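Here is a structure to read through questions and answers. Each answer sets a value against its rule.

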Amino acid sequence: MTATPLVPAAVLPPLPRRATVLHLVGGTSSFLRLAPVVAALAEREDLRQVLIHTGRPEDEPALDAVLAELGVRAPDRALGVTAGTPGARTGGVVVELEHVLTETAPALIVVAGGLDATLGCALSASKHGVPIVHLDAGLRSFDWSTADEINRVLTDRLSHTLLTSSLEASDNLAAEGISMEHIHHIGNTLVDVVRRCEEAARALRVWERFDQAEGHYVLVSLHRPEHADAPRCLDTVAAALTALAEQTPVVLSLDRRSRGHLDASGALDDLQGAGVRCIERLDYLEFLSLQAGAGAVVTDAGAIQDETSALGVSCFTLRAATERAITLSQGTNALLGDGDAVDLSMVRPLPLAPCTVPLWDGRAAHRAADVVAAHHALRPAAHA
Amino acid sequence: MDGHRSSRAHRLRLVSPAEHLDGRPADHRPVVLHALGTPRETMLLSPVITELERLDCVRQVLVGAPAGIDVGALEGIDGLHLPDRHLGLGEGTATEQFAAMLAGFEMVLDVEDPELVVVAGSTDAALACALAAAKRGVALAHVESGLRKTAPGALAFNRILVDRLADTLLAPSAADAANLLAEGIPDTRVHVVGDTAIDLVRRLAPAALARRTWAVAGLPEHGYVLVDLVDDGHLSPDALLQALLRLSVHAPVALRARPELPGGPPSPDAVAALGRRGITCFSGDGLIDRLSLLGSAGAVVTNVGTVQDEAAALGVACHTVGAESERPATVSIGANVVLGEDLAAIADVRPTGLLPIPNVLAPWDGRAAARVGRTLVAHYVLAVNHPSAARS
C-alpha cells in the first residue's frame, strides 16, 4: 500500500497547443456526412482534426472533387479493417482504434452512420472515456434483424452528444430514455454537401453522356448486400427493370460484382436488350448530377434517400422499412417493399418537388459545430 | 418498437420425438448456450443451469473464457458445470481480449446453432457474446438486467448495451425492471425474477458456516469487521490504511487481500505488520471461505455491489464506501448504510456482535433460478417433458 511515485515534471512530453478531434470515416456516405462538420469546426475553433478511415480508402470511389469544394482533405490514416464476420470487423476496429486513441489523446471523437466499424469506434472510445459525438443519430428502422439497426442503437447509447437530422429521430432517442440534454436537432450534413455541389453537379449534365433527357429517365442504384451481393435477388430486380424499361428510359448503375452476377445469369443481356442503360459506378459529383437530372430514382441506400429528398427528385426505396422516416413523411421517398416479388409498376418520372424538411437547408454542419463547441471543452490533452 | 420478436419468431423450432441415428438417439432439444466469462457470471448462471438441467427440456452448452472458470473461486457448488467449449483467449489488452471473444463466440454460434444465448452481468465477455448473438439473430436472455448507477462507468455501459440487445430481460428486483421500462424497453420483455447469485449463497450458507474460516485467525464470531474494497480510482491507499489502523484499535479487522485492493494486495511483510496491529489479511478467493468470513462478521465495509447484496441477504450489517450504493434496495430496507467518499468514516464502524437475521425479501428468497427457468422455458421451448428426457 504505497503511493505511486510522482513522475518528475521534466519527463512529461510538452503539451500540444491545440485540442485534438478525431473523425471516424467508415465509408463514402459517412465521410460526406462528416466532411462539412470538419470544415465548420476548422472555421470556428483552433483544433487539430485527424481523419481516420476505418477500412481502406483506396476501396472507395474518389471524392477529390467534392472534398476540394468543401475544403476538406482525404483521411490522414486508415485502420485497414475491412473483411471478416461482423464480430471480426467490430473487434478489429476496437483494437486498432485503441492505439490511435492512446497516441493522439483526442478531446472527443465524431462518428457517423451505423456500420460495424462505427460501433467498434464507439466501443473503443467509451472504454477510453473519450466523449462521442454521433452525427445522424436516432435513425430507426425498427428492424432488429439488420446489423445496422443494432449498430445504430448501441452507438447512440454510448454517445454523449447526439446530433439528429429530424425531430422524429430526436423522439426515437427520447423514447429510449436518453435525456434531452444530449439530443440536438441540427439537420442533415449530407444535405449541406448536396447544396454546396448542386449547381456544379447540374452543370455537368452527365445524363447527356448517356443519351438521356433531363427529368425523363429513372435512375437505379442498389448498394445493400442483400441486393447487390445476392444473385437471385439481383435477377428478380433485373426482370422487373426489363419490364419497367418498356414504359420509361432506365439507367442502372452497377458495381463490378453485381455486373458480374448479372452477366453470368444472362440478365445483363436481357436488360440491355430492353434498352436499360447499364453504367459503371461514377464518382460522387457525376452521380449527383445524374440524380439531379433524373425523373425518379430507385435505390436501397440511405444516402440516396437523403440526397433525392434534398434535390426534390422522387425516390422509390426497395426495402420494407427505412430508418429515414422523415424522407417518407416530408421528403420525396416511398417504400416499395422487400420481398421476392419486386413491383416497379408505380415507378415513373415525376416533376421536381421542393424540399420541405426542416433544417435541411445546407447549414447543418455549422449548427453541429456550435453544439460541439458549446458542450465540449475542447482543451488540449494533459498528456498527448 | 418491438422489432426483436417479430424478426425472430420463425426461429422457434418444434421439439419432435427423438429419432435414432447410429443407434444413438439424436438430441433434438433446443440448444441453450450460456456464456461464462468471469467467476461472477458463473455464479449468476450456475443456479440457472442447474434449474434448466432439472427441467430437462433443452440441451445446454457452456462457453467459457479461461478466466471465468476459476474453479477455486467456485468450490462447493454441487455439479458445477465446466464449460464444454473454451474461447481461446490469449494475452493482450482488455480491448484485444474483447475482440477475440467477439470473434470466438461467433464461431461457437455457427457450430452450435443455439435457440437462445444466456449471458449475465456487465462484463466485457457478456457484451461480446450478446453482440455476436444479436448480429446472428439468435435470441438473447440477460440475467441480472436493469441495474443502473447514476454515474455510469465502463462496466455500467456494458450492462446498458446488453440490456438493449436482449430479448428477455431478467431483472433482480422491481426497481431494476423500472429502469428498463424508463429506457423504452417494452414490458413484455422484462421479468422480475430475483437475484440468482443469492440462490447460490443460500445453498452454500450451511457449508460456509461450518467452514469457520474466521476462527483460524482467532477472530471472535460476529465480533470483527470485514473489509472488502476494490480500487475504483477514487480510493487513496494511504487514507485507507490510516482508517483501518484507527478502526483496528476498537475492533478486529478482517481484510480481504484481493488483487483489486487499492494499492494492490499487501506484501508478506505488510501482512505481518498489519497482523500485529489487529488486521488479519485473507487472500483466498474461494466462494465458501468468502461467505464464511462474511456470514460471521459483525459488520462489513465494502464498495462492491455483490457483497452488498450478499450481506443484505445474510443479514450482516453493511457499510458502503462511496457517494452512493449501486444496490439502492439494500439501502432502502435498512440493510446497508452509505458512508460517503471520506475513508475516515470507516474508523467509526463497529461490529454488532449479534447473530445476523437473514433477509428473505423477494430478490433474495433463493428461488430466482426457478423463476428464470420457468420464464425461459415459457419463451423458448415449445414442449417440456420431451420423450428424449426419459432416456437417462
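Q: Which residues in H10(A) meet which residues in H11(A)?
A: From H10(A) come A:Pro231, A:Leu234, A:Asp235 and A:Ala238; from H11(A) come A:Ser258, A:His261, A:Leu262 and A:Ser265. Contact means heavy atoms within 4.5 Å. This is a predicted model, where local features need pLDDT of at least 70 and side-chain atom pairs count only at pLDDT 80 or more, while totals for chains, interfaces and linings use all residues. Residues count from 1 along each chain as written, chains are lettered from A, and side-chain values use heavy atoms, without hydrogens and water.

Q: Why is H10(A) called roughly perpendicular to H11(A)?
A: Helix H10 (residues 231-244) of chain A and helix H11 (residues 256-265) of chain A pack at about 75 degrees. Angles run from 0 to 180 degrees between N-to-C directions, with axes fitted to C-alpha atoms. The class from 65 to 115 is roughly perpendicular; under 35 is roughly parallel, over 145 roughly antiparallel, and the rest oblique. So H10(A) is roughly perpendicular to H11(A).

Q: How do the residues of the contact of H10(A) with H11(A) divide?
A: Into 4 nonpolar, 3 polar and 1 charged. Ala, Val, Leu, Ile, Met, Phe, Trp, Tyr, Cys and Pro are nonpolar, Asp, Glu, Lys and Arg charged, and the others, Gly among them, polar.

Q: What makes H7(B) oblique to H12(B)?
A: The axes of helix H7 (residues 196-211) of chain B and helix H12 (residues 305-314) of chain B cross at roughly 50 degrees and come within 10 Å. That angle makes H7(B) oblique to H12(B). The contact is made by B:Ile198, B:Val201 and B:Arg202 of H7(B) with B:Asp309, B:Glu310, B:Ala313 and B:Leu314 of H12(B).

Q: What makes A:Arg77 and A:Glu103 a salt bridge?
A: Their closest N and O atoms are 3.0 Å apart. The rule asks for a side-chain nitrogen of Lys or Arg within 4 Å of a carboxyl oxygen of Asp or Glu. A:Arg77 lies in strand E3 and A:Glu103 in helix H3 of chain A, so the pair ties together parts 26 residues apart in sequence.

Q: How do you know that E11 and E12 of chain A pair?
A: They share 4 bridges, in the parallel sense. Pairing takes at least two bridges found by DSSP. A:Thr299 stands opposite A:Thr317 in E12(A).

Q: Why do E10 and E13 of chain A stand at the edges?
A: The open sheet of 6 strands has the order E10-E9-E8-E11-E12-E13 (chain A). E10 and E13 each have a single partner strand, so one side of each is left without a neighbour in the sheet.

Key:
Helix = DSSP H or I, 4+ residues; strand = E, 2+ residues; numbered from the N terminus.
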